[in-house]
Amino acid sequence: MAIADTPSAARRCSSSTGWRPGAIWPYLDGTGPSQGRVLCSRAGSPSSSGVVRPSPAHILGSDRCGFASGGVAGAAEAQNDIDVLNPPPEVEKLNHKKELLVQPSSSMDVNCQRSLTMYPCVTGTSVIAFKYKDGVIMACDTGASYGSTLRYKSVERIKAVGKHSLIGASGEFSDFQEILRYLDELTLSDHMWDDGNSLGPKEIHSYLTRVMYNRRNKFDPLWNSLVLGGVKKGPKGDEKYLGMVNMIGTHFEENYVATGFGNHLAIPILRAEWHEDITFEEAVKLVEKCLLVLLYRDRSSINKFQIAKITTEGPTIHPPYSLKAYWGFSHFENPAQGAVGSW
Amino acid sequence: MSSIGTGYDLSVTTFSPDGRVFQVEYATKAVDNSGTVVGIKCKDGIVLGVEKLVTSKMILEGSNRRIHSVYHHSGLAVAGLAADGRQIVSRAKSEAASYEKVYGEPISVKDLADRVASYVHLCTLYWWLRPFGCGVILGGYDRDGPQLYIIEPSGVSYKYFGAALGKGRQAAKTEIEKLKLSELTCREGIVEVAKIIYGVHDEAKDKAFELELSWICDESKRQHQKVPNELLEQAKAAAQAALEEMDAD
């Protein structure tokens, strides 16, 4: 689920109609509103001067904005000993300061009445979900990171919405709380009709898509990837529904979805092992397999998970629990063995 | 009681020499001519009942709701001009929602009643607005327990443990006073309200009516909702049986 636009591509297609690329993303040459706050240092910029440049984390395709350690793309430029945070003036001069068609403005612009979301602060990591025999199962860990610090360890990132749905979110946690408020208003007015009808997962997914897309168009996104699953009686009996919508408004419906790192680590497992009408016990095993891989490989994941399911009986969010992880690798036990300089 | 306020009754901004605002009193007459609305406070909740007069056989059963949910924990039963009632309900809903937005807590029933009363009163202060032609029974269940309020077209609101509005209010009030409300559960309360409404319904003057019942109680998880169908049917049956007994005497 990588976001395809890069700032350079964005710059190319900017016009004088007022679209401000600098409003969200810093330029690859270091200018723009994110100046001074490096989102992450990642090798692999398309420039020719071979200098490591800061670039936004979301190019990675994950919702985390952490200070990721370098070496993700593994390009050769990473070896340069340049202080990326405070580049010396000679290096700065090398950067091409292009003439911009449209002036970038920071969120603190006096003309700008409101401030725009630039980067998430407290973020949750992956959510995975898939349909099973009786409904939809959803799982995630209960951690929320503040940059690269695992600040909060008991955060519920899956909530029930009405009688028929579950919502799981990764990304900025405060935006998720705001989304829950919108959904509260929605379910309240739905409830007050008291006409025997209630909003199902498809309707809520539609609503969230509209909300996310409209916020994106105002350059003030709700920085989340949302997973919406549920079961509701339809014309063909009990219909299971599972969909996803992300911060730019991309939305789709699928049998299994995952956000963030789950896209890269869990989806391949689900592709291989998910099948129609998987039972609850098998589903839990499959979920735990995916969660374990995420625990090993996603550094913003913690060993405390919540599994939730939604069936015709209603939503159930199980209390958090931990998985048994194996850390007995010889290199972990003797990390310095064979290292240069150790005796 | 029925005095003609010649000359002093043309505008809601005119007082009569004996200190009455006739327009507001005329508005109350609109309430007195409507179908009976009854509300009782039982020990574990509130029951609201409406005698919904059916003017035509073509009207679909269950349409034209007279009892509306205002928030999770409250319901509003309307007596009088139905369209005016819709306006009050809509205002009450938005008051409850805005309170929650600002204070992060559900509105208390007392505050809700105050706000609705203020709004109704507002419309009695200006000559370009007419008073609402409907009285409202507000029942809710919050931290302070179940509460029942009436808001009249004049904008006054009082707290009650048993209340009635509309045509049969005198008879209904007499019946309610006979009940031991502090010992009644909502389940029993439903049956009692149904009996009262069936009792005060005047067969001669009005043809058909539909009984609308709602409750907020521990059993409904303190949410305002229509009484579940089986209980509704039971209550209706019990009420009809009681009527026949009375007729048989």
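Modeller: Seven residues of chain A are in contact with eleven residues of chain B, contact being heavy atoms within 4.5 Å. This is a predicted model, in which local features need pLDDT of at least 70 and side-chain atom pairs count only at pLDDT 80 or more, while totals for chains, interfaces and linings use all residues. Residues are numbered from 1 along each chain as its sequence is written, chains are lettered from A and ligands numbered from 1 in the order in which they are written, and side-chain values use heavy atoms, with hydrogens and water left out.

Between chain A and chain B about 840 Å² is buried, and carbon and sulfur atoms give 50% of that area; buried area is the accessible area (1.4 Å probe) that two parts lose on being put together, summed over both. Two salt bridges are counted between the chains (a side-chain nitrogen of Lys or Arg within 4 Å of a carboxyl oxygen of Asp or Glu). One of them joins the side chains of A:Asp194 and B:Arg65, at 3.6 Å from N to O. On the side of chain A that touches chain B, three residues are nonpolar, one is polar and three are charged; here Ala, Val, Leu, Ile, Met, Phe, Trp, Tyr, Cys and Pro count as nonpolar, Asp, Glu, Lys and Arg as charged, and the others, Gly among them, as polar.

Chain A has an open sheet of five strands, ordered E11-E2-E3-E12-E13, with antiparallel pairing. Strands (E, at least two residues) and helices (H or I, at least four) are DSSP runs numbered from the N terminus, and two strands pair if DSSP finds at least two bridges between them. Strand E11 (256–258) and strand E13 (314–317) of chain A are at the edges with a single partner strand each, so one side of each has no neighbour in the sheet. From one strand to the next the twist averages 15°. Within this sheet, E3 (residues 135–141) and E12 (residues 305–311) of chain A run antiparallel and are joined by six bridges, where A:Cys140 has A:Gln306 in E12(A) as its bridge partner. Helix H7 (residues 280–297) of chain A packs on the sheet, touching E2 (127–132), E3 and E12 of chain A, and its direction makes about 160° with that of E2(A). Axes are lines fitted to C-alpha atoms, for helices over the stretch in contact, and angles run from 0 to 180 degrees between N-to-C directions.

Chain B has an open sheet of five strands in the order E8-E1-E2-E9-E10, with antiparallel pairing. Its edge strands are E8 (162–165) and E10 (225–226) of chain B, each pairing on one side only. Four bridges link E1 (residues 37–42) of chain B to E8(B) in the antiparallel sense, and B:Ile40 has B:Gly162 in E8(B) as its bridge partner. Helix H5 (residues 186–200) of chain B packs on this sheet and touches E1, E2 (45–54) and E9 (208–217) of chain B, its direction making about 155° with that of E9(B).
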